Every structure is written in structure tokens, then in C-alpha cells.
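Here is a short briefing on one protein model. Read it alongside the sequence and the 3D view.

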Amino acid sequence: MDDAGEQKFVAETFEEYFRARRDAVRRTAYLLCGDWHHADDHAQAAFVALHRHWRRIRDRGALDAWMRRTLVRAVVDESRRPWRRERATAEPADTGVPARADTVATRHVLVDGLRAVPPRQRAVLVLRFLDGLDVAATAAALGCTEGTVKSQTAHGLAALRTVLGDSLDDLRTTGSG
């Protein structure tokens with residue numbers, strides 16, 4: 001394959017991956033940071049980083065894990081910057097996704113609760129329970145041990161329970177219906 005053919009192939013394969021995964025990456029970013037505008041920024045940064053490394057990534061089956069790790073690092077790093085500390089607002093974020101009223105209420109309660117959980121614990125909770133990763137895959141995505149994932153999960157769930165209080169019962173009622 002000549003250089004022009006290879007460049008076209010690289011562009012096509014990246015575009016195919018981008019189109020297939022952009023919504024999922026954006027959703028994960030939103031769950032990690034709780035703000036759609038920041039989520040767009042984080043998702044874009046992760047895709048830009050992926051594009052820079054695209055030719056060097058040999059295991060295409062590991063792309064999702066690579067993206068999750070890049071995304072989590074970006075969100076956690078950003079949350080440490082003093083000018084980006086989260087501020088509570090009276091208005092819930094507009095998700096741009098129409099849904100039933102009880103689903104919207106549940107989503108807002110959960111996202112508001114996640115915003116109050118420390119960033120690393122939030123990352124573990126999102127990857128484990130919302131992205132459906134097991135302990136090993138979460139550890140790989142975060143670059144830590146499985147024991148760390150387990151302890152961060154326990155601490156994160158405790159923090160979430162504390163923050164949600166009575167709202168936790170509302171989530172259980174809505175989720176079981």
C-alpha cells in the first residue's frame with residue numbers, strides 16, 4: 001500500500017471508530033464530570049489524543065479501554081485545577097435527550113449525587129456500574145490495582161449514599177418499575 005493509500009485507510013478506520021463510539025464516550029464523560037459542555041471538551045480531547053496515536057495502536061480491540069483511560073485521566077486531572085472546581089447550580093443540565101419524566105428525575109438525582117463524590121471514586125462508580133466494567137477492567141482503565149478499585153468502590157458508594165440520603169429510596173423505587 002502506498003503512502004496515500006495508507007493515509008486514506010487510517011482516516012477511514014479512525015472515522016469509523018469515531019462514528020461508532022462518539023455518543024458512548026460523550027455519555028461516559030458526562031457521567032464523570034456532570035456537565036455536558038465539559039463532557040464535550042473531554043470527549044473531544046480524548047478523540048484528538050486517539051487520532052494522534054492511531055497508527056501506533058496495534059490492538060484495535062483495546063481501543064475502548066484506551067479511550068476510557070484517557071477520558072478518566074482528563075476528567076480527574078481537570079477536576080484538580082482550581083479554576084475548574086465544580087459549582088452547584090439551581091438549574092439541572094440539559095441533556096439534549098428526550099426521556100420520560102421519572103427517568104429524567106432519576107438521572108438528575110444520580111448525576112447530582114455523583115458530582116458530590118470525589119473524582120477518583122466517581123470514576124470507579126461510573127466505570128463499574130454505568131459502563132458495566134468488572135473490577136479487573138476498571139483497574140486496567142484507571143491504571144491501578146484491583147484492591148484500589150474495590151476500596152474506591154466502597155468509599156464511593158458510601159459517599160453517594162450519604163449525599164443522596166432519602167433520594168436513594170426514590171432511585172430504588174424508580175429503578176424497579
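**Briefing**

Thr 153 sits in helix α7 (residues 146–164); helices are DSSP runs of H or I with at least four residues, numbered from the N terminus. The model is predicted, so local features need pLDDT of at least 70 and side-chain atom pairs pLDDT 80 or more, while totals for chains, interfaces and linings use all residues. Numbering starts from 1 along each chain as its sequence is written, and side-chain values use heavy atoms, without hydrogens or water.

**Thr 153**
- Thr 153 is buried, at 7% relative accessible area (buried is under 20%, exposed over 50%, with a 1.4 Å probe and protein chains only).
- Its contacts, leaving out residues up to four places away in sequence, are Val 124, Leu 125, Arg 128 and Phe 129 (contact: heavy atoms within 4.5 Å).

**Helix α2**
- The buried residues of α2 are Trp 36, Ala 39, His 42, Ala 43, Ala 46, Phe 47, Ala 49 and Leu 50.
- They lie on the same side of α2, because they cover an arc of only 160 degrees around the axis (taken from the directions from the helix axis to the C-beta atoms).
- Exposed His 37, Gln 44 and Arg 52 are on the face turned away from the buried side.
- Cover for the buried residues of α2 includes α1 (3–33) and α3 (63–80).

**Second largest pocket**
- Among its 22 lining residues, Asp 23, Ala 24, Arg 27, Thr 28 and Leu 31 lie nearest the centre.
- α1, α3 and α4 (101–115) each give two or more residues to this lining.
- α1 gives the most, with ten residues.

Definitions and conventions: On a 1 Å grid over the protein atoms alone, a cavity is a set of points where a 1.4 Å probe fits but cannot get out, and a pocket is an open set with protein on both sides within 12 Å along at least five of seven lines; lining residues have an atom within 4 Å of a point.
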